[in-house]
Amino acid sequence: MVDIALPQGFDGTEKLPKTRRSLTNCWNAVDRIINRPGITQLSTTDKVARGQFIWNENIYQVVSGDLIKITDVSTGAFSVIGTIDSFEPIDWDVGFNTAVIIVRSATGKGYTLDKSDVLTEITDPQFVPSNSVTHINGRFVYVPFNGDPAFYSDVGAGGSIQPLNFFDAEELPDKNTVCFNFTNTLYIGGTDSIELFRNTGTDSLAFTRLQNGRIQNGYIGGILEYNQTFLFIGREKDQDVGIYAIAQGSAPKISNEAIDSILIRYTTTELQNAVSSRFKWLGYDIATFTLARHSFGFLGGNWFILSTQSSNEAAPWQGGYINQYNGKYYTAYNDKIGRLDDINTDYGQTFEKTMDLAFESEGLLDFSAQSLTINISQGYNDAIGSVALQLSHDNVLYTEPFYRQTGAIGQYYSELTWNYSGGLGLYKGFMGVRITTTEKVNFSTSKLVINLR
């Protein structure tokens, strides 16, 4: 009996398929695989979600042309607060007495929302359509959609902008793309670099650039505050795209070759519209990125694939926009309002959970496999479900699936074993293993063993 190492996540080189290892809808938590949460559907809006945020101890969403407020988090009931122009994605941030919402487009409007739920369009003549907004020391800072110099509001008045309240991160001549507040320092990201600014406390020149504070990475999309840093999709100057994390004076790359091979399939415009979110589950802090055709999660330096079944085919995860409210995580995706829960469905649809791993013999000598056993979570499922095993000689072509049933409630000591009289085949030093379920069973596991003969 030989242990097979559990995959750490999604990695490997595309043109060397035997190096590929993968986890889908589960992650490695110190040598045990954890099943991701599902999504309970609370209600529908008949509109398309453009963003979600927490303000004044309530959940707000922009759906199509409406700003709505969730009035009952148990049922997903909501009321319409006002109208938001256009159908482009939004950005937002919250201050002490107002929240600001901007429409991310070349003609996008801006709005303030006060604690009485009064939504007001920003009509100050100095306001220009913006791509990003952040709040710092009582002011809202905006980055124009066309990449022009950033501008800021008066203190405590997100919609009031003075003619001289414009400044530029112009140490490098790139277009501005994003702004964010990290440890009370203002970061202005451009297409080639990120520069840092300190609040001066004066009205005439509220922000001044920090010397030697430039980060040599350009910003594209998907900004996310995560685990005492910020993650984003970007690139080093004249290099391919990747995912980076802000550090002291630098932004190390955290995406691996497998993730990068996905990112390069997208246009810059598609990456600019990436949706990033964060949730904690069973104590694990998960970052997520959703693109038009792919989605993936990040934990402890490792990546894993996220997906939702749609018409029996894998589609990007439908977590969408996620925010924590009163200890739970609420989602906004297309027309759905949902909540992350300990279930094995997304909005009532099962999702596929998969481990792709491999066994290589010492010296890559030929071997014969008699059986394979997986120590999967048993005794907690509401119904008996099937788990499929597929095997491969090359990590490209796989056998037809062999199914085994999980134990019902109370059958805690059951194991899943695939054992046939003729064994599982002869292999030339390498055996690819794929274990999958699309049923309502918990996919958590801690051990996988192969019996050689």
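**Entry 1, the model.** I am working from a predicted model.

**Entry 2, a sheet.** I looked up an open sheet of four strands and found the order S19-S20-S21-S22, with antiparallel pairing. Strand S19 (176-182) and strand S22 (207-209) are at the edges and have a single partner strand each, so one side of each lacks a neighbour in the sheet. On average, neighbouring strands here are turned by 30° against each other, direction ignored. I then checked S20 (residues 185-190) against S21 (residues 194-199): the two pair in the antiparallel sense over four bridges. Ile188 stands opposite Glu195 in S21.

I noted 16 salt bridges in the structure. Asp3 forms one with Lys447, with the closest N and O atoms 2.7 Å apart. This pair links distant parts of the chain, as Asp3 is in strand S1 and Lys447 in strand S44, 444 residues apart. Asp3 is partly exposed at 47% relative accessible area, and Lys447 is partly exposed at 38%.

Asp66 and Lys47 meet through their side chains in a salt bridge (3.6 Å, N to O). Asp66 belongs to strand S9, while Lys47 sits in the loop between strand S6 and strand S7. I have Asp66 as buried, because its relative accessible area of 17% is under 20%. Lys47 is partly exposed, at 30%.

Which residues are linked with Asp356 in a network of salt bridges? I found Arg20 and Arg434. The side chains of Asp356 and Arg434 meet at 2.7 Å, N to O. Asp356 is buried at 6% relative accessible area, whereas Arg434 is partly exposed at 22%.

Methods
Residues numbered from 1 in each chain as written. Predicted model: local features only at pLDDT ≥ 70, side-chain atom pairs only at ≥ 80, totals over all residues. Heavy atoms only, no water. Pairing = 2+ DSSP bridges. Axes fitted to C-alpha atoms, helices over the stretch in contact; angles between N-to-C directions. Salt bridge = Lys/Arg side-chain N within 4 Å of Asp/Glu carboxyl O. Buried < 20%, exposed > 50% of the residue type's maximum accessible area, 1.4 Å probe, protein only.
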